[in-house]
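Please keep the sequence and the coordinates in view while reading.

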Amino acid sequence: MPEPLTVVCSRSLVLPDQNLDTDQIIPARFLTTTEREGLGRFLFADRRDQAPWTDPRAAECKILVAGANFGCGSSREHAPWALHDFGFRVVISSEIADIFRNNALKNGLLPVVLESAAHAALLAAPWQEIEVDLPARRVRAAGQEYSFEVDPFGAWCLERGLDAFDYLLQQEPAITAFEEARA
Amino acid sequence: MSRPDPEMTSNPPTTLFQKIWDAHTVTPETVERPAVLYVDLHLIHEVTSPQAFAALAQRGLEVRRPERVLATMDHSTPTTAPLADGSWPGIDPQAGRQLATLEANCRAHGIELFDGRSQDRGIVHVVGPELGATWPGATVVCGDSHTSTHGAFGALAFGIGTSEVAHVLATQCLLQRRARSMSVELVGTPPADVSAKDLILAVLGTIGVDGGTGHVIEYRGAAVEALGMEGRMTLCNMSIEGGARAGLVAPDDTTFAWLEGRPKAPQGKAWERALDAWRELRTDAGAAFDKRVQVDVAGLAPQITFGTHPGMVMPITGVVPDVPGEARELEYMGLAPGEPLQGRPIDVVFVGSCTNGRLDDLRAAAAVLRGRKVSPKVRTLVVPGSHAVRRAAEAEGLDEVFRAAGAEWREPGCSMCIAMNGDFVAAGRYAVSTSNRNFRGRQGAGSRTFLASPATAAASAITGEVTDPRGFLTEATIHA
């Protein structure tokens with residue numbers, strides 16, 4: 001179970017590239033594992049010898065600010081597993097791909113989509129201190145405050161450290177009724 | 001104000017997507033809660049399922065409907081022949097453990113598995129349709145983004161994460177927000193010498209790599225209706241490359257003729273009843289889409305990608321465009337704006353994948369290669385999408401065409417599309433590939449990929465450089 005996620009404060013690691021797909025987040029050659037833990041060491045494996053990953057501050061960052069259309073491509077949940085294992089709790093972009101966003105919300109990783117001016121301001125200031133306030137739906141940085149929207153159910157689970165699986169399992173009577181009505 | 005049409009007011013026109021969504025809604029969504037959506041067919045493979053079975057074990061849960069689950073081995077399987085016991089000699093030990101884990105999980109939960117011994121094994125999105133398991137109007141999910149392939153049958157089919165694989169195993173349902181609807185209409189008649197792959201690449205060039213995000217695409221227009229099922233699968237397969245949740249084609253007589261008699265399709269009276277229901281599966285006239293795009297395909301030239309995502313695509317006769325913000329991507333590819341791609345030397349050709357690993361695709365490649373030799377500088381891999389595709393190709397002698405041309409004729413699997421089974425493109429090398437992703441490192445760390453049709457891949461294998469296939473096609477060999 002992920003820890004409850006409410007307010008996250010940290011320096012930001014900035015990856016300005018657009019379209020950072022899940023093959024780049026964790027290349028397929030690391031997907032023969034049957035585990036979900038310990039994948040942080042493979043995060044952006046083909047870029048870890050380059051900036052900003054080589055900066056000692058990278059290891060402390062809980063907030064990733066990335067270019068548009070983050071997490072596109074493959075559905076591999078290994079991508080949010082690797083990001084979370086590395087230490088990230090929030091990904092901020094101007095656009096986040098559908099499957100990645102769904103996967104992130106189930107793994108203690110908050111996907112934040114900001115409008116483009118706010119996104120550009122955060123992209124332009126790497127390593128700055130950012131506060132992400134999930135209950136208030138606000139991002140605060142450099143004296144500015146930006147609002148964001150997030151799926152209310154995903155947020156409800158994240159804030160309480162709840163697993164959506166438990167909620168789904170409670171729907172059993174409705175599922176049985178549906179199956180019987182179709183039979 | 002005009003008077004409302006009485007029929008319209010009593011029965012508002014709806015999209016195909018909406019009809020399938022409504023028919024599978026166990027509990028409707030609210031502002032606070034997603035819908036509970038019922039899943040008809042759940043496909044699983046070795047890479048994205050082990051942690052899902054572990055989640056079930058941790059909670060002491062069973063698989064709710066094992067008869068609605070089909071499993072195959074495809075992503076990490078070598079494309080060499082397995083031993084009689086179904087194991088692969090020399091397989092990476094961790095990949096071997098992953099396959100063994102799938103086998104154990106399927107045995108424990110009574111799930112049908114196409115393993116190394118099975119003559120039905122193949123890529124998950126090739127196997128499901130060819131067995132007749134993918135039905136019009138059904139919901140189909142898999143821990144794989146190219147599940148959109150099954151939308152070719154008018155099924156609502158989409159990729160899910162491993163947590164959701166566990167959800168479906170345990171409850172046969174998913175928590176889902178309804179996507180928006182998007183119409184992509186192909187306008188005009190494409191030339192006979194361009195393929196479905198060229199059509200979808202042209203669509204991606206128009207909508208961009210994120211133009212479908214948050215949407216389910218329905219492909220429409222006479223050019224779509226004219227495609228066979230294999231072409232429709234190629235079209236829907238790459239919907240995810242435009243960010244779309246799913247791609248759909250309304251089922252028609254082409255669909256029904258393809259499905260009839262397949263082992264997992266409805267049989268006898270059930271087939272007749274199914275047909276009646278399936279004929280209703282189309283978007284009503286006047287139904288509103290949230291987004292509409294038209295793509296003119298009349299006079300379309302073969303398409304090829306030049307960058308590091310499938311939206312970076314151009315006619316093969318063109319020059320590399322100067323795309324704002326993509327300079328570093330061109331640098332990765334070793335290309336500069338204004339350069340032609342035609343004539344650029346290549347190192348590898350890959351014909352295969354869930355995009356282009358079906359019989360029609362192999363026929364198109366063979367039509368170009370017949371009686372010719374691949375360049376000695378190019379490694380050419382032909383990987384059928386399944387054993388059934390392999391058998392059908394061999395029955396037509398296509399394997400002999402490939403071998404005689406100097407290409408490798410391999411065992412089925414995902415192979416060099418995802419490069420996790422030992423088949424890969426070396427750093428800095430160029431591949432013309434019929435697969436679906438030209439992402440950085442997708443075909444191996446540092447690999448550079450040009451995505452194209454099977455005909456373009458085959459023509460490029462012969463010359464050893466990026467080549468327009470139209471000079472190699474005679475009227476008799478053209479596949480529309």
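Two residues are in contact if their C-beta atoms, placed from the backbone, lie within 7 Å. The model is a predicted one, in which local features need pLDDT of at least 70 and side-chain atom pairs count only at pLDDT 80 or more, while totals for chains, interfaces and linings use all residues. Residues are numbered from 1 along each chain as its sequence is written, and chains are lettered from A and ligands numbered from 1 in the order in which they are written.

The domain assignment of chain B, whose bounds come from an automatic or database source, gives domain 1 (16-176), domain 2 (180-249 + 276-296) and domain 3 (303-477). Helices (H or I, at least four residues) and strands (E, at least two) are DSSP runs, numbered from the N terminus.

The contact between the chains takes 39 residues from chain A and 52 residues from chain B. The side of chain A that touches chain B has 15 nonpolar, 13 polar and 11 charged residues.

Within chain A, helix 4 (residues 116-123) has the buried residues A:Ala118, A:His119, A:Leu122 and A:Leu123. A residue is buried if 20 or more other C-beta atoms lie within 10 Å of its own, exposed if 12 or fewer, and partly exposed in between, with C-beta atoms placed from the backbone. Seen down the axis of helix 4 of chain A, the buried residues fall within an arc of 135°, so they line one face of the helix; the arc is that of the directions from the helix axis to the C-beta atoms. They pack against strand 1 (7-15), strand 2 (63-66), strand 3 (90-93), strand 6 (138-141) and strand 7 (144-147) of chain A. The face turned away from the buried side carries the exposed residues A:Ser116 and A:Ala117.

Chain B contains an open sheet of 4 strands in the order 11-10-9-12, with parallel pairing; two strands pair if DSSP finds at least two bridges between them. Strand 11 (246-248) and strand 12 (291-296) of chain B are the edge strands, each pairing on one side only. Strand 10 (residues 215-220) of chain B is joined to strand 11 of chain B by 3 bridges, and B:Ile217 has B:Gly247 as its bridge partner. Helix 2 of chain B packs on this sheet, touching strand 9 (180-187), strand 10 and strand 11 of chain B, and its direction makes about 130° with that of strand 10 of chain B. Here axes are lines fitted to C-alpha atoms, for helices over the stretch in contact, and angles run from 0 to 180 degrees between N-to-C directions.

Strand 15 (residues 348-351) of chain B is covered on both faces, with B:Val348 and B:Phe350 buried on one side and B:Val349 and B:Val351 buried on the other.

Key: Ala, Val, Leu, Ile, Met, Phe, Trp, Tyr, Cys and Pro count as nonpolar, Asp, Glu, Lys and Arg as charged, and the others, Gly among them, as polar.
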